[in-house]
Amino acid sequence: MYSINTILIEDEPIARMRLEKLVKKIGIIKVVGVYENPTQAIEILKQHKIDLILSDIDMPEMDGVAFLKGLSHPPFVIFITAHYEYAVDGFELDVIDYILKPLLTEERLMKAIEKVQKALMFSRGGQGERKAIKVKDRNKTIFIDANDIYYLKAWGDYIQIYSAEGMQTLLCTMKEMETTLPWDMFARMHRSYIVNLNHIKGVEASKVILKDGTEIAIGLQYRSQLFTRMGLS
C-alpha cells in the first residue's frame, strides 16, 4: 500500500504534539507538513500532492470549515475537534471522518485512516486494482471495497450490506446500488438481493450458495440473465 501524504493543522501545541505522536504510529501515513493554522498550509497544497488533511476546526485566523470550503480541489479530510456542533458542516462537505478530541485514540484514528484508504482506492482505482465504491448514506459518504462485499439485501427503505467487515445498514435503494456497483462483479438475482458473483460457490435451479454457506433464492425474472452471465444457459 502506498503512503498517504498528509498534513496536520492544529493550533493548540499540546494537542498538536499528541496528534503527531499518534500519526507516527501509523506506518502508512507520511507527514508532509505540520501547521498551526490553515493559512500556513495553503502553500504546501499548491506545491505537493496531498492525500489527506487532519485538521482542527475552531482555530484563529480561519476555521477548518471555511478553509475546506475555500479549496477548489480539496484532499480527503478528517476533522479532529472538541466541538461536536460542527459535525453537520463536516459531513455536508463530505469529510471522511469527524473525531471528537476526548475520543481521539490510536485505535479511533486508525479506523478513520482505514476509511481514507478505501476512499483512495476509489479515487485511484483502475482496471485490475482493488476499487472501493462510494455510497451516500444520509449526511455522510461511505467507501466500501467492492471485492469484500458478499451480497446486499433490501430491508425496507434501507440496504443491508454483508461483507468481510460484517453487516452494515445504509439508507439507499437497490436501484441506486445497481448503478453504483461494478456491473461485471455483481448481479441482481432477486428483487431483494444483489450478489457478488465472485463469492458464489454453487448454483441450483432456484438458489445460489455462497462460499460462506449463505443460500439466496433466485427470482424467476432474474434467472435467465443470471444463468447467461454465469455460462449456464
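**Exercise 1. Salt bridges**

Find how many salt bridges the count comes to in this chain, and describe how Lys101 and Glu12 meet.

*Solution.* The count comes to 11 salt bridges, where a salt bridge is a side-chain nitrogen of Lys or Arg within 4 Å of a carboxyl oxygen of Asp or Glu. Before going further, note that this is a predicted model, in which local features need pLDDT of at least 70 and side-chain atom pairs count only at pLDDT 80 or more, while totals for chains, interfaces and linings use all residues. Residues are numbered from 1 along each chain as its sequence is written, and side-chain values use heavy atoms, with hydrogens and water left out.

Step 1: the side chains of Lys101 and Glu12 meet in a salt bridge at 3.7 Å, N to O. Step 2: this pair links distant parts of the chain, since Lys101 is in the loop between β5 (97-100) and α5 whereas Glu12 is in the loop between β1 and α1, 89 residues apart; helices (H or I, at least four residues) and strands (E, at least two) are DSSP runs, numbered from the N terminus. Step 3: Lys101 counts as buried because its relative accessibility is 18%, and Glu12 counts as partly exposed because its value is 41%; buried means under 20% relative accessible area, exposed over 50%, and partly exposed in between (1.4 Å probe, protein chains only).

**Exercise 2. Lys49 and its partner**

State which residue forms a salt bridge with Lys49, and decide whether Lys49 is buried or exposed.

*Solution.* Step 1: the partner of Lys49 is Asp51, and their closest N and O atoms are 3.2 Å apart. Step 2: Lys49 counts as exposed because its relative accessibility is 58%, whereas Asp51, with a relative accessible area of 2%, is buried. Step 3: elsewhere, salt bridges that share partners join Glu10, Glu12, Asp56 and Lys101 into one network.

**Exercise 3. Strand β12**

Work out which strands pair with β12 and which way its residues point.

*Solution.* Step 1: two strands pair if DSSP finds at least two bridges between them. Step 2: strand β8 (residues 149-155) pairs with β12 in the antiparallel sense over three bridges, and Leu152 stands opposite Ile194 in β12. Step 3: strand β11 (residues 186-190) also pairs with β12 in the antiparallel sense, over four bridges; the bridge partner of Phe186 in β12 is Asn196, and β11 and β12 form a hairpin with two residues between them. Step 4: from β12 (residues 193-196), Tyr193 and Val195 point one way while Ile194 and Asn196 point the other way, and all are buried. In a regular strand the side chains alternate between the two faces of the sheet.
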